[in-house]
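Let's take a walk through this one together, with the sequence and the 3D view open side by side.

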Amino acid sequence: MSRIPFFIILITLLTLFSSCSDDKPLKNTKNLQTNISSVAPKVQNTKKLAYIVTDSSIPFWAIMGRGVKNRADALGYELEIYNAENSAKLELELTVKAIKENVSGIIVSPSTSSACVTILKLAKGANIPVVISDIGTDSGEYVSYISSNNREGAYDIGKVLAKKMVALGFEKGRVGIVAIPQKRLNGQARTAGFMQAMDEVAIKGADIKQLVTWSEEETYTFSKEMIESYPDLRAIWLQTSNSYNGALRAIAESGKKDEILLIAFDAEPEFLELIPKGILAASAMQQPYLMGQEAVNAMDKYLSGKEVQKNIQLPILSISAENIIKNLPTIQRNVLGI
Amino acid sequence: MEFKNITHERSLYVTLGVIIVLVVTIIMSIHTAYVYMDTKNNIFQGMKQSSRHIIVSLQKNVMDLMKSYSINEYDKLVLNEMEGRDNFAIIVEDYNMGKILGEKAFLSGKIRDAEGNIIDYDSKNSEQNKQLEACYYSDKYDITTDSGDKLGTIAIYISNISMNAQLNKIIIGSIINLVLLSLLFLLSLFIIIHFFILKPLSDIISCIKHSDHDGIPVALIPNHGSKEIFLLSNTMNNMIISIRDSRVALKAQKNALHYQANHDALTGLANRILFNDRLEQSIIKAKNNSTKVALFFIDLDHFKKINDSLGHEIGDKILKVVTQRLNETICKEATLARLGGDEFSIIVEDLRQGQDASLLANKLIELLSQPLTIEDNLLYISSSIGISIYPDDGVSAQNLIKYADAAMYKAKDEGRNNFQYYSAEMTELAFERVVMDTSLREALKNGDFVVYYQPQVNGNNNKLVGMEALVRWQHPIMGLVAPSKFIPLAEETGMIIPLDQYVMRCAMTQIAKWYKEGFKPGVVALNLAMKQLHQKDFISILETMLKETECKAEWIELEVTESQIMTNPEEAIKILKQINDMGIKLAVDDFGTGYSSLSYLKRLPIDKLKIDQSFIRDLPEDEEDASITKAVIALSKSLNLRVIAEGVETKEQKEFLIENGCNNIQGYFYGKPMPANEMEKVLSKGFNS
C-alpha cells in the first residue's frame with residue numbers, strides 16, 4: 001500500500017494527457033507534392049549556357065548580352081539568350097525553360113533582385129549554377145555576382161562635374177538628381193557616391209526625383225520641375241542614360257543651355273558625339289560588355305572547378321570631353337559593345 | 001501487555017502518511033489534469049484564432065504578388081508573418097507558377113527547423129513534409145482574385161511543440177506545487193495528528209506500560225486530547241479502577257483463604273501448616289545466627305475428660321482462655337500454634353542456652369494451673385510441656401517435633417503439670433535454674449539480701465573518700481552466694497530492678513544513718529542497671545527514695561556500666577542528664593570494656609571513670625594493660641573527669657596507678673566489701689597501711 005501510488009497515478013495521468021497532446025493533426029490540407037524538382041532537365045552532352053536577361057531591348061542589357069555571347073563563344077559554350085521582355089512571368093517561364101534544357105549554367109540579369117531569388121531557387125532545385133550579372137539578388141545561392149562599382153563610379157563622375165562647375169564658376173549653384181529607384185541597391189550606391197563628391201566641394205543639392213516609368217517624358221518632366229523650382233540650378237545628374245533627351249529638352253526649353261550642365265550614367269551611342277560637343281558634360285559609363293564577359297568567365301571557372309570570387313565589381317568609366325577620345329576603343333567595346 | 005511482537009506492525013504515522021499522500025496526490029492530480037486540459041483547449045483556440053488572423057492579413061497581399069509572379073515578395077511576407085509568431089509553417093500553393101513549371105501548383109513557404117529557426121520550405125524534403133503531417137493543427141485558405149479566379153492556396157501549420165512546451169511548464173509547475181502542497185499538508189497533518197492523536201495515544205501506551213507485576217497500570221491514564229481520546233482514556237480508567245477493585249477483593253479473599261489455611265479456626269492461632277513453616281524458618285535463622293531454638297509441646301492434662309463431661313462448647317471456651325493466657329505470657333517474637341485438640345506449641349528463638357527455656361516453661365505451668373471460670377464452672381486444669389532444643393537435640397524440624405512430643409509424654413509420665421526437656425541433663429539444669437529463680441524471689445521477699453560496702457581510698461594519703469555498695473545474698477541454706485551466681489539470672493528475669501532498688505534503699509538508709517551519727521563515709525557508689533533507667537517512673541522513685549531515707553543527693557554516686565550505656569547511648573544521655581540535674585554524681589563503671597565512642601563520652605553528664613579491674617589485675621607487668629590504664633587516666637584528665645581504679649590488690653598496682661595520676665583506689669589492697677557494721681569500724685579508725 002505504501003509503495004503505491006503517487007508515481008503510478010501521476011504517471012498514468014500524465015500519460016493520458018500526453019496522449020491527448022499527441023492527437024492526430026487537424027488537417028484540412030492534402031499532402032503537398034508539387035515541387036521545383038519537377039522541372040526535369042533534359043540530358044545534355046555539350047556544354048550549354050543560358051543567359052536570361054530582363055529586357056534585351058534596353059541597350060545596356062543588349063550590350064551585356066553581346067559580352068556574354070562573345071565570351072561564351074570564345075570559351076566554347078553553346079549559349080541561349082532568353083529575353084524576358086521586362087515580364088516577370090516570362091522571366092520565370094524562361095528560367096524553367098532553361099532548366100529543362102539542362103544547361104550547364106545560367107547567367108542572369110534579373111528584372112529585380114527579388115525576382116532573382118526565385119530564379120536562384122528554381123536553378124538550385126535543378127542543381128544548376130547561376131552567375132548574376134548586375135541587379136543582384138535579395139537572397140539565394142549563386143556562383144558569383146558581377147556588378148559595377150556604382151558608388152565609386154558615381155563619386156568619380158561627381159568629381160568630374162564638380163571640377164567643371166568650379167571651372168565655369170557654377171560652384172555656388174545647385175545640382176538636381178533624376179534618380180533611378182532608390183529602393184535598388186545600385187541606386188542608393190550611386191546617390192551616396194555622387195553626394196560625397198558634391199559635399200567635398202560644398203556644392204548644394206536640389207531635389208532627387210526617382211524614375212518610375214524610366215521614360216524620356218518622365219525625365220523631361222522631372223528636369224523641368226527642378227529647373228523651375230531652383231533658379232540657381234547649375235547641373236542635372238541623370239542616373240541613367242536612355243532618357244537623356246528628356247533632360248536635354250527641358251534644359252533647352254528653359255533657355256539655360258549654357259547655365260545648366262547635364263551629366264548622365266551609362267552610355268548611349270549618341271554620347272560619343274554629345275560629350276565631345278559639350279552638350280552632355282560627362283557620363284559614368286558602366287561596362288556591360290565587360291560584365292557579360294566576366295560573368296561567363298566566372299561561370300567557366302566554376303564549371304572547371306576553380307575558385308570563384310563571390311562578388312566581382314568592375315570599374316565605371318568617368319567619361320568627359322577631356323578623355324573620351326582616349327577611351328573611345330574601350331567605350332565602344334565594353335560600354336557600347338560595338 | 002505484550003509489546004515485543006508489535007515491531008513489525010505498521011505505525012499509525014506510516015498508515016496515515018500513506019493515506020494523506022494518496023489523497024493529496026489524487027486531488028492534486030485531478031486538479032492538474034483539469035488545468036492541463038483547460039490550458040490545452042485555450043491554447044488550441046488561441047492557435048486557431050491566430051492562424052485565421054495571419055491568413056486574412058496574408059491573403060490579399062499574396063494574391064497581388066501572385067498575380068505579378070513576385071514569388072520572392074510573397075515569400076518575404078510569409079517570412080514576416082512567421083517571425084514574431086510561433087506557428088510552425090506557412091505554405092503557399094501558386095497555381096500560376098505551377099503552370100509555368102508544368103505542375104498543378106508551385107509550392108513555397110517557410111517552415112521551422114529543429115532549433116525553431118525559420119527556413120525555406122522545400123517540398124522535396126520528406127522530413128519537412130512529415131513534420132507538416134504531424135502538425136497538431138493546420139488550416140488552408142484559397143487565394144482568389146477579385147474576379148473569383150483561384151490563384152492558389154495558403155496553408156498555416158501549427159505544431160504542438162510550443163503548446164507542449166507550455167503544457168510541460170504547467171505540468172512541471174503543477175508537480176512542484178503538488179510536491180510542495182503535499183509536503184505542507186503532510187507536515188501540517190502530521191503535526192495535528194501528533195499532538196491530537198498520537199501524543200495522547202503514546203501517553204496512554206506509556207501509562208499502560210508502567211504497570212505493576214500483575215500488569216495493571218500503576219497510574220490512571222491522563223484523559224486529555226480529543227473527545228474520542230478522552231472517552232478512550234475514561235473507559236480505560238474505569239476498566240483499571242474496576243480491575244483494581246476486583247484485585248483488592250480477590251486479594252482479600254486470597255488472604256482470607258490463606259489465613260484459613262494457616263490458622264486454627266477456633267483460636268486464630270497458627271495451625272500445623274504454618275507452624276511447620278515457622279519452625280523451618282526459625283531453624284534456618286538460628287543456624288545463621290548460631291543461636292538456639294526451643295520447641296514447646298503443650299498438652300492440657302485430662303482435657304478429654306472435661307470435653308466429655310462438660311461438652312465441647314465448654315472445651316472450646318477453655319481452649320480460647322488457654323490461648324489468651326499463652327499469648328499474654330510469651331514474648332512477641334515467639335510463635336504460638338494450636339496443633340489440634342488440646343495440643344499447643346511454642347517456638348522460642350534466639351536462646352543462648354537450652355535451659356533458658358525453662359523459665360518460660362515454669363511460668364506456663366504456673367499460669368495454666370491457675371483456675372478458670374467458664375460459665376460459672378470453676379475449672380482446674382494443668383498442662384504437661386515437652387521441650388526440644390535446636391541444635392542440641394536435633395537439627396531438623398521433623399526431629400525437633402518428634403522429640404518435643406516425646407518430652408511432653410515424658411512430662412505426662414512424670415505425673416503431669418510439669419515440663420520436661422527431651423534431654424534429661426537439660427531438664428536437670430533447667431530445674432536448678434527454676435529453683436534459683438524461685439529462691440531469688442523468695443530471698444527478696446524475705447530480705448535475705450544484704451548490702452556490703454567496699455572502701456574507696458585516696459592512695460596518696462590513705463584517706464577514705466567513699467565506698468561502693470555491693471549486694472550479697474545470705475542464703476539460709478547455701479550461705480553467702482556470690483553475685484556472679486545470681487546477678488545474670490536477676491538481669492535475665494528482670495528481678496534486677498527490685499533487687500537494685502532494694503540495695504539502693506538499704507544503702508541510702510545506711511549512709512544517712514552514718515552521716516547522722518557523725519561518720520564521714522564520703523560518696524557512696526551505687527550500681528544502676530540500665531533496665532532500671534528504662535522504667536518510666538525511675539526518677540520519681542529515686543526522688544522518693546532519697547526523701548524517705550533522708551539521704552542527700554551529693555552523698556551518692558550512681559555507677560552505670562559502659563556496655564549498658566552504649567546499647568542505647570542517646571537514651572542514656574537523656575536519662576543520665578535528669579539524674580545529674582538532681583545533683584547525683586555519675587560514674588562509668590567497667591570503663592574500657594564497652595567500646596565507648598569518644599563523642600558520646602564527651603556528651604555524657606558523668607563525673608568519673610572507673611577503670612575496669614580486668615586492666616588492673618596484671619599491672620604493672622602487663623604492658624598492654626599498663627598502656628590502656630595510662631590512656632584511660634589521660635583521657636579522664638583531658639575530659640576533666642575524676643578517675644578511680646577497682647580491683648587493686650597489690651602495692652605495686654597501687655603505686656603504678658598513683659604514679660600515673662590515678663589517686664582513687666578501690667580493691668582488696670584497702671579492703672574487701674564488708675557489712676555495714678564492719679565498715680563503721682573502718683570509718684571510726686581509718687586506714688593504716
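Which helix of chain B is B:K48 found in? B:K48 sits in helix α1 (residues 12-67) of chain B, where helices (H or I, at least four residues) and strands (E, at least two) are DSSP runs, numbered from the N terminus. A quick word on ground rules: this is a predicted model, in which local features need pLDDT of at least 70 and side-chain atom pairs count only at pLDDT 80 or more, while totals for chains, interfaces and linings use all residues. Residues are numbered from 1 along each chain as its sequence is written, chains are lettered from A and ligands numbered from 1 in the order in which they are written, and side-chain values use heavy atoms, leaving out hydrogens and water.

Back to B:K48, which is partly exposed, at a relative accessible area of 27% (buried means under 20%, exposed over 50%, partly exposed in between, with a 1.4 Å probe and protein chains only). Along the sequence, B:K48 and B:I158 are 110 residues apart, yet C-alpha to C-alpha they are 8.8 Å apart in space.

Now look at helix α5 (residues 161-209) of chain B, which gives the largest share of a nonpolar surface patch, 10 residues. That patch covers about 990 Å², and its members include B:L12, B:L181, B:F185 and B:I197. Patch residues have over 30% relative accessible area and no salt bridge, and nonpolar side chains (Val, Leu, Ile, Met, Phe, Trp, Tyr) are joined within 5 Å; a salt bridge is a side-chain nitrogen of Lys or Arg within 4 Å of a carboxyl oxygen of Asp or Glu. B:L187, also in helix α5 of chain B, is exposed, with a relative accessible area of 53%.

On to the pockets. A pocket is an open set of points on a 1 Å grid where a 1.4 Å probe fits, with protein on both sides within 12 Å along at least five of seven lines, and lining residues have an atom within 4 Å of a point. The largest pocket has a volume of about 1200 Å³. Of its 45 lining residues, A:S111, A:T112, A:I135, A:R184 and A:W214 lie nearest the centre. Two or more lining residues come from each of α2 (59-75), α4 (113-125) and α6 (185-200) of chain A, and from α2 (71-82) of chain B.

The second largest pocket has a volume of about 1000 Å³. It is lined by 37 residues, and B:E468, B:L470, B:P483, B:N527 and B:D589 lie nearest its centre.

Note on methods:
Grid points are joined across faces, edges and corners, and a volume is the space filled by probe spheres set on the points. Patches are made of residues with over 30% relative accessible area and no salt bridge: like charges are joined within 9 Å, nonpolar side chains (Val, Leu, Ile, Met, Phe, Trp, Tyr) within 5 Å. Accessible areas come from the Shrake-Rupley method with a 1.4 Å probe; for residues, only the protein chains shown count as cover.
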